[in-house]
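These are my notebook entries on a structure that I looked through feature by feature. The sequence and coordinates come next, and the entries follow.

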Amino acid sequence: DLETVPTVLHLGCGLDTRVHRVDPGPGVRWFDVDYPDVIDLRRQIYPSRGGYETIGASVTDPSWLTQVAGDLPVLVVAEGLTMYLRKNEGEALFRRIVNRFPGGQFVFDGFSGRGIRMRRFNRAIRVAGATVSWGMDGCAELEAIDRRLRCVTATGAFDIDGYEKLPTGYRLLARVAKLFPALRRMAVFYRLEF
């Protein structure tokens with residue numbers, strides 16, 4: 001609810017148009033954060049708007065966070081980001097945010113350790129030549145990052161309705177994954193509060 005969370009950090013935003021689709025009200029401060037070349041491209045193709053700023057930096061660089069006032073609660077959105085961080089980088093990022101703001105939420109997706117180990121079967125990662133490394137195996141592991149973090153929800157990607165609309169290969173994978181808990185939890189959507 002953006003009425004009670006007036007600061008939004010969209011980490012690893014890429015070319016996502018979320019700020020324009022959500023159209024937050026005038027009391028919301030929204031920051032899209034990504035590498036400088038991505039932010040430069042965003043500035044060329046998307047219009048500016050009130051309450052919206054972009055920050056060109058790696059999310060693992062501690063200095064970018066000084067550009068964001070830490071006086072109000074925060075909603076951190078990190079879609080398709082955590083698995084590309086090293087564990088120590090991701091944990092340090094979460095701690096910096098928890099220490100900067102009086103409270104808030106993290107909403108993000110993550111791969112399990114098994115999901116990271118099975119990356120060679122993930123076509124999108126193979127085609128991109130990407131490196132994934134941070135696997136998180138449940139709420140207890142995330143809550144151990146900082147004593148103030150509480151896991152509110154952890155929903156497996158294969159537990160979400162609508163996978164029937166996916167291409168045949170993914171539908172078959174989803175059916176198989178539902179039979180095996182370890183496979184079901186390879187990709188999880190998390191919501192943490194602090």
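Entry 1: I looked up Phe108 and found it buried, with a relative accessible area of 4%; buried stands for under 20% relative accessible area, exposed for over 50%, and partly exposed for what lies in between (1.4 Å probe, protein chains only). I note that this is a predicted model, in which local features need pLDDT of at least 70 and side-chain atom pairs count only at pLDDT 80 or more, while totals for chains, interfaces and linings use all residues. Residues are numbered from 1 along each chain as its sequence is written, and side-chain values use heavy atoms, with hydrogens and water left out.

I then searched for aromatic pairs and recorded five. The rings of Phe, Tyr and Trp (its six-membered ring) pair if their centres lie within 6.5 Å; planes under 30 degrees apart count as stacked, over 60 as edge-to-face and the rest as tilted. I found Phe94 buried at 4% relative accessible area and Phe106 buried at 1%.

Phe108 and Tyr190 are also stacked, with 5.4 Å between centres and 25° between planes. Here the partners sit in strand β5 and strand β7, 82 residues apart. Tyr190 counts as buried, at 4% relative accessibility.

Entry 2: In which order do the seven strands of the open sheet run? I read β3-β2-β1-β4-β5-β7-β6, with mixed pairing. Helices (H or I, at least four residues) and strands (E, at least two) are DSSP runs, numbered from the N terminus, and two strands pair if DSSP finds at least two bridges between them. β3 (52–56) and β6 (150–156) stand at the edges with a single partner strand each, so one side of each has no neighbour in the sheet. I noted an average twist of 15° from one strand to the next.

β6 pairs with β7 (residues 187–193) in the antiparallel sense over six bridges. In β7, Val188 is the bridge partner of Gly156. Helix α3 (residues 87–100) packs on the sheet and touches β1 (7–11), β4 (74–78), β5 (104–111) and β7; its direction makes about 170° with that of β5. Contact means heavy atoms within 4.5 Å; axes are lines fitted to C-alpha atoms, for helices over the stretch in contact, and angles run from 0 to 180 degrees between N-to-C directions.

**Entry 3: the disulfide.** I found one disulfide (a pair of cysteine sulfur atoms within 2.5 Å) in the structure. Cys139 and Cys151 form this bond, with their sulfur atoms 2.1 Å apart. Cys139 belongs to helix α6 (residues 139–143) and Cys151 to strand β6, 12 residues apart. I recorded Cys139 as partly exposed at 23% relative accessibility, and Cys151 as buried at 18%.

**Entry 4: salt bridges.** My search of the whole structure gave 13 salt bridges, each a side-chain nitrogen of Lys or Arg within 4 Å of a carboxyl oxygen of Asp or Glu. Asp16 meets Arg18 at 3.8 Å, N to O, and both residues are buried. Arg21 also bridges to Asp16, with the closest N and O atoms 2.7 Å apart; Arg21 is exposed at 57%. I noted a network of salt bridges that links Asp16, Arg18, Arg21 and Glu79.
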